[in-house]
Amino acid sequence: MKMSLAFFLVLFSMTVAESAPAVSHYQINTEDYPPYNHYDKNKSIVGLATNKVRKIMETSGFQYEIRLYPWLRAYNRALSGARHCVYSTARTVDREALFHWIGPLVTVEWALFAKRGTPAASINKLEEARQYVIGGLEGDASLSELKRQGFKTESVVTNWLNKDKLVGQRIQLWIDDPVYIEFEKQKGTEFFDYVKVVHIASVDLYLACNISTPLNEVELLHKSAGGF
């Protein structure tokens with residue numbers, strides 16, 4: 001019996017499809033932290049770090065999806081298995097062995113802010129902050145580091161709530177990045193009279209991918225990030 005040409009072509013295409021390697025799919029998580037990663041007016045995820053993550057993934061040729069969550073949820077989802085990633089992530093001793101680190105994507109500043117005219121506004125070094133309560137984002141590396149060093153800290157799950165706490169003096173200092181605070185000010189967010197009192201550190205932020213992610217794929221991600 002002769003096989004029809006149409007049947008042969010269908011059979012051939014199915015065989016090729018079955019033998020072709022599947023393209024790996026990455027679940028990438030982030031938080032609302034402008035101007036590095038945030039929603040725009042159309043609810044698209046944009047930002048300085050987001051642009052670099054998209055370039056890395058597209059250069060690598062992997063399929064990917066970016067989702068935005070509160071920070072702790074974004075971070076914990078990246079711990080759930082291979083090809084789960086989170087950005088923009090500070091590279092700390094506690095986190096080092098949990099992820100492959102791609103980047104850096106951006107550099108931020110950790111600094112302390114106070115409400116102008118308050119006693120905390122007069123400090124000029126970190127050690128002087130020990131007498132005050134410092135607010136920050138829950139799970140954030142900057143606040144975790146201060147807590148580890150024995151400073152008095154309070155956390156919130158939505159970063160901008162620290163502004164209200166500082167205005168009401170429920171906290172006396174706020175640890176954050178000046179670029180983030182200025183971005184919120186420029187876009188017209190309700191603001192307050194503040195002063196930066198102490199520079200703590202400049203910190204690189206990365207795309208952190210679960211440690212179970214295949215090494216050959218991680219090498220390709222590193223290579224794709226090499227042009228930064």
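Two strands count as paired if DSSP finds at least two bridges between them. Helices (H or I, at least four residues) and strands (E, at least two) are DSSP runs, numbered from the N terminus. The model is a predicted one, in which local features need pLDDT of at least 70 and side-chain atom pairs count only at pLDDT 80 or more, while totals for chains, interfaces and linings use all residues. Residues are numbered from 1 along each chain as its sequence is written, and side-chain values use heavy atoms, with hydrogens and water left out.

**Exercise 1. Find out over which residues the pLDDT is below 50.**

Step 1: Recall that pLDDT is the predictor's confidence in each residue, from 0 to 100. The average for this protein is 90, and 88% of the residues score at least 70.

Step 2: Look at residues 5–21, where the pLDDT is below 50. Beyond near neighbours in sequence, this stretch has one contact in the model (heavy atoms within 4.5 Å).

Step 3: Read with care, for where pLDDT is low, the predicted coordinates should not be read in detail.

**Exercise 2. Trace the order of the strands in the open sheet.**

Step 1: Walk across the eight strands, which follow the order β4-β1-β5-β10-β6-β9-β7-β8 with mixed pairing.

Step 2: Check the edges. β4 (63–68) and β8 (152–156) each have a single partner strand, so one side of each is left without a neighbour in the sheet.

**Exercise 3. Decide which pairs of strands run parallel and which antiparallel.**

Step 1: Begin at β4. It runs parallel to β1, joined by six bridges, and the bridge partner of H25 in β4 is Q63.

Step 2: Move to β1 and β5 (residues 84–90), a parallel pair with three bridges. Here I28 stands opposite C85.

Step 3: Turn to β6. With β10 it forms an antiparallel pair over 14 bridges, and with β9 (residues 173–176) another antiparallel pair, over three bridges.

Step 4: Finish with β7 (residues 133–137) and β8, which are parallel over five bridges. G136 faces S155 in this pair.

**Exercise 4. Which side of α7 is buried, and what covers it?**

Step 1: Place the helix. α7 (residues 215–225) packs on the sheet, touching β1 (25–30), β6 (99–115) and β10 (194–210), and its direction makes about 60° with that of β6.

Step 2: List the buried residues (under 20% relative accessible area; exposed is over 50%, partly exposed in between, with a 1.4 Å probe and protein chains only). In α7 they are E217, V218, L221, S224 and A225. They cover an arc of only 120° around the axis, which puts them on the same side of α7; the arc is that of the directions from the helix axis to the C-beta atoms.

Step 3: Look at the opposite face, which carries the exposed residues L215, N216, E219 and K223.

Step 4: Name the cover. It includes β1, α2 (48–60), β6 and β10.

**Exercise 5. Follow L112 into the largest nonpolar core.**

Step 1: Start with the term: a nonpolar core is a set of buried Ala, Val, Leu, Ile, Met, Phe, Trp, Tyr and Cys residues joined through side-chain atoms within 4.5 Å. The largest one has 53 residues, and L112 is among those with the most contacts inside it, together with I28, M57, Y87, L173 and L207. β6 gives the largest share of this core, nine residues.

Step 2: See how covered the strands are. In β6, 13 of the 17 residues are buried. In β1 five of the six are buried, so β1 is largely enclosed by the rest of the structure.

Step 3: Find the partners of L112: V198 in β10 and I175 in β9. Leaving aside residues up to four places away in sequence, L112 also touches others, including L126, I134, L146 and W174.

Terms used
Axes are lines fitted to C-alpha atoms, for helices over the stretch in contact, and angles run from 0 to 180 degrees between N-to-C directions.
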